[in-house]
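Subject: Structure for you to look at

Dear colleague,

Please find below the structure that I said I would hand over. My notes on it follow, and I would be glad if you read them with the model open beside you.

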Amino acid sequence: MFASLRGVERVEQGFIRSAPPDDTWSEAVRIAFDPARIALDVLVEVHLRTHASTSNHKMRGKYRSAVYSCSDDQAEAARVALAALQPGYDAPLVTRVLPLGAFRASPEQFRSYYLKQAGGPFCARYIDPKLDLLRARFAEHVS
């Protein structure tokens, strides 16, 4: 999702953790972006719209819904974005803002999955609809 947005310079797939009690590894992407080209609040909204951001399902340990911040200013900007976006959802957002503790990249065979598996059943069922949503809802940001 994020790699197709203008202003996103790098997307790394992997695992992330924060401070206790959120110090277990969770699947994530780490994004480097140019804030002059794409705002953090746009990235937060893309994140919310492309996963189950209101579901506190049983897999939240492995798939934590969070925005990991690298600074206090970035954390505050993410909290402001979440609060501003909440009215657009029928249920409370479960997405939290957490400090970045550590990140480790996924093994190479799992990186760029969509590019390697385009047209496959998982991509057709889960990723293509999200890309369609991105093109429709965030067209001005899609490369």
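Helix α1 (residues 40–49) and helix α2 (residues 72–85) have axes that come within 9 Å of each other and cross at roughly 55°, where the axes are lines fitted to C-alpha atoms over the stretch in contact and angles run from 0 to 180 degrees between N-to-C directions. That angle makes α1 oblique to α2, because angles under 35 degrees count as roughly parallel, over 145 as roughly antiparallel, 65 to 115 as roughly perpendicular and the rest as oblique. On the side of α1 the contact (heavy atoms within 4.5 Å) is made by L40, D41, V44, E45 and L48, and on the side of α2 by Q74, A77, A78, A81, L82 and L85. These residues divide into 8 nonpolar, 1 polar and 2 charged, with Ala, Val, Leu, Ile, Met, Phe, Trp, Tyr, Cys and Pro counted as nonpolar, Asp, Glu, Lys and Arg as charged, and the others, Gly among them, as polar.

Before going further, please keep in mind that this is a predicted model, in which local features need pLDDT of at least 70 and side-chain atom pairs count only at pLDDT 80 or more, while totals for chains, interfaces and linings use all residues. Residues are numbered from 1 along each chain as its sequence is written, and side-chain values use heavy atoms, with hydrogens and water left out. Helices (H or I, at least four residues) and strands (E, at least two) are DSSP runs, numbered from the N terminus.

R64, in the loop between α1 and β3 (66–69), is buried, with a relative accessible area of 11%; buried means under 20%, exposed over 50% and partly exposed in between, with a 1.4 Å probe and protein chains only. The side chain of R64 makes a polar contact of 2.9 Å with that of T24 and another of 2.9 Å with that of Y68, a polar contact being a pair of N or O atoms within 3.5 Å, of which, within protein, one must be able to donate a hydrogen and the other to accept it, and residues adjacent in sequence count only if both atoms are side-chain atoms.

F33, in strand β2 (residues 26–33), is also buried, at 18%, and touches residues including V8, L40 and Q74. R37, in the loop between β2 and α1, is exposed at 51%, and beyond its neighbours within four places in sequence R37 is in contact with R6 and G7.
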